[in-house]
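Take a look at the sequence and the structure first.

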Amino acid sequence: MTHTARRIGRSLALVLPVVLVLSGTLAVSAVPWAGQAQGTQMLSASSADVSTPAKSRAPQDILRDRLLAELQQKDPGTALTHLQREVEARPSLARHCMDIARALGRAAVKQYGPTRAQSFSRPVCDTSFATGVMAAS
């Protein structure tokens with residue numbers, strides 16, 4: 001019994017690497033850089049008709065995007081007021097308040113220029129809005 005098992009093992013040891021090398025060579029020859037026309041490609045890494053579910057976004061990212069849009073439509077003062085209200089209503093957003101206020105400051109400089117953007121500054125989130133204005137200037 002052991003003699004038969006050894007013979008099978010030796011045969012596999014000789015044949016299996018050859019099979020793996022040949023299958024690998026065939027797989028590489030089927031990719032686009034091998035010079036084949038795109039119509040004959042055998043394997044595609046992605047497909048246009050596959051739909052992937054959108055990744056859920058963090059609440060602070062949603063709030064930042066909403067406030068940036070509000071800054072564009074109205075003014076930075078309104079966006080800062082709403083930021084303060086959101087942080088008071090949901091204390092879990094307090095640790096992200098400084099980052100959001102800095103982003104609002106940078107966006108205000110792009111829209112209004114540094115001098116006018118600084119005029120909207122208020123002590124929301126430890127004056128991070130002013131820091132964002134200063135960094136973007």
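## Helix 6 and its neighbours

The buried residues of helix 6 pack against helix 3, helix 4 and helix 5. Packing here rests on contact, meaning heavy atoms within 4.5 Å. The buried residues are Ser128, Phe129, Ala130, Gly132 and Val133. Buried means under 20% relative accessible area, with a 1.4 Å probe and protein chains only. Helices are DSSP runs (H or I, at least four residues), numbered from the N terminus.

This is a predicted model: local features need pLDDT of at least 70, side-chain atom pairs count only at pLDDT 80 or more, and totals for chains, interfaces and linings use all residues. Residues are numbered from 1 along each chain as its sequence is written, and side-chain values use heavy atoms, leaving out hydrogens and water.

## Helix 2 against helix 3

Helix 2 spans residues 59–73, and helix 3 spans residues 76–89. Their axes come within 8 Å and cross at roughly 155°. That makes the two helices roughly antiparallel, a term for angles over 145 degrees. Axes are lines fitted to C-alpha atoms over the stretch in contact, and angles run from 0 to 180 degrees between N-to-C directions.

Leu63, Arg66, Leu67, Glu70 and Leu71 in helix 2 meet Pro76, Thr78, Ala79, His82, Leu83 and Glu86 in helix 3.

## The disulfide

Cys97 and Cys125 form a disulfide, with sulfur atoms 1.2 Å apart. The cut-off is a pair of cysteine sulfur atoms within 2.5 Å. Cys97 lies in helix 4, and Cys125 in the loop between helix 5 and helix 6. They are 28 residues apart. Both Cys97 and Cys125 are buried.

Terms used:
Angles under 35 degrees count as roughly parallel, over 145 as roughly antiparallel, 65 to 115 as roughly perpendicular and the rest as oblique. Buried means under 20% relative accessible area, exposed over 50%, partly exposed in between (1.4 Å probe, protein chains only).
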